[in-house]
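Hi everyone, thanks for coming. Today I'd like to walk you through some charged side chains and the partners they pair with. Let's bring the structure up.

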Amino acid sequence: EKHRQRYRSTEANIACAEGKVESQALTLRDKDAEIARLRQSLEHEQKLSSHRESQYLQSQRQQMEERVEDEVQRRELIAVNLHQTQLEEQARRFRDRTRQ
């Protein structure tokens with residue numbers, strides 16, 4: 001009788017331990033799934049961040065190119081009085097040629 005009681009007690013302890021192991025395994029599977037989900041979310045956020053940064057840098061580059069182009073155009077412009085002088089000189093030469 002003593003051995004049977006010990007046997008039953010041992011079986012109960014084993015069943016309890018197996019239940020705990022199964023519970024812990026389930027918890028670990030849940031945590032593994034959560035980690036996988038978080039990794040996927042992180043990768044998605046990193047791609048979005050990289051895309052936003054790329055768009056920002058593209059925008060900055062385009063603005064810089066526009067500024068440089070505007071500056072080049074401004075440098076190509078001549079002052080109104082200088083332009084007026086050049087036109088008057090051209091007109092004078094034209095009159096001189098047509099008179100000859």
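Let's start with D96: its relative accessibility is 30%, so D96 counts as partly exposed. On that scale, buried is under 20% relative accessible area, exposed is over 50%, and partly exposed is in between, using a 1.4 Å probe and protein chains only.

Before we go on, please keep in mind that this is a predicted model, where local features need pLDDT of at least 70, side-chain atom pairs count only at pLDDT 80 or more, and totals for chains, interfaces and linings use all residues. Residues are numbered from 1 along each chain as its sequence is written, and side-chain values use heavy atoms, leaving out hydrogens and water.

Now, which residue does D96 pair with in a salt bridge? The partner is R92, at 3.0 Å from N to O. By salt bridge I mean a side-chain nitrogen of Lys or Arg within 4 Å of a carboxyl oxygen of Asp or Glu. Both residues sit in helix α2, four residues apart, about one turn of the helix.

R92 also forms a salt bridge with E89, at 2.3 Å from N to O. These two are three residues apart in helix α2 (residues 80-99); helices here are DSSP runs of H or I with at least four residues, numbered from the N terminus. R92 is partly exposed at 36%, and E89 is partly exposed at 31%.

Over in helix α1 (residues 2-76), E71 and R74 are three residues apart, about one helical turn. Their side chains meet in a salt bridge of 2.8 Å, N to O. E71 is partly exposed, at 31% relative accessibility.

Finally, how many salt bridges turn up in the whole structure? The search finds seven.
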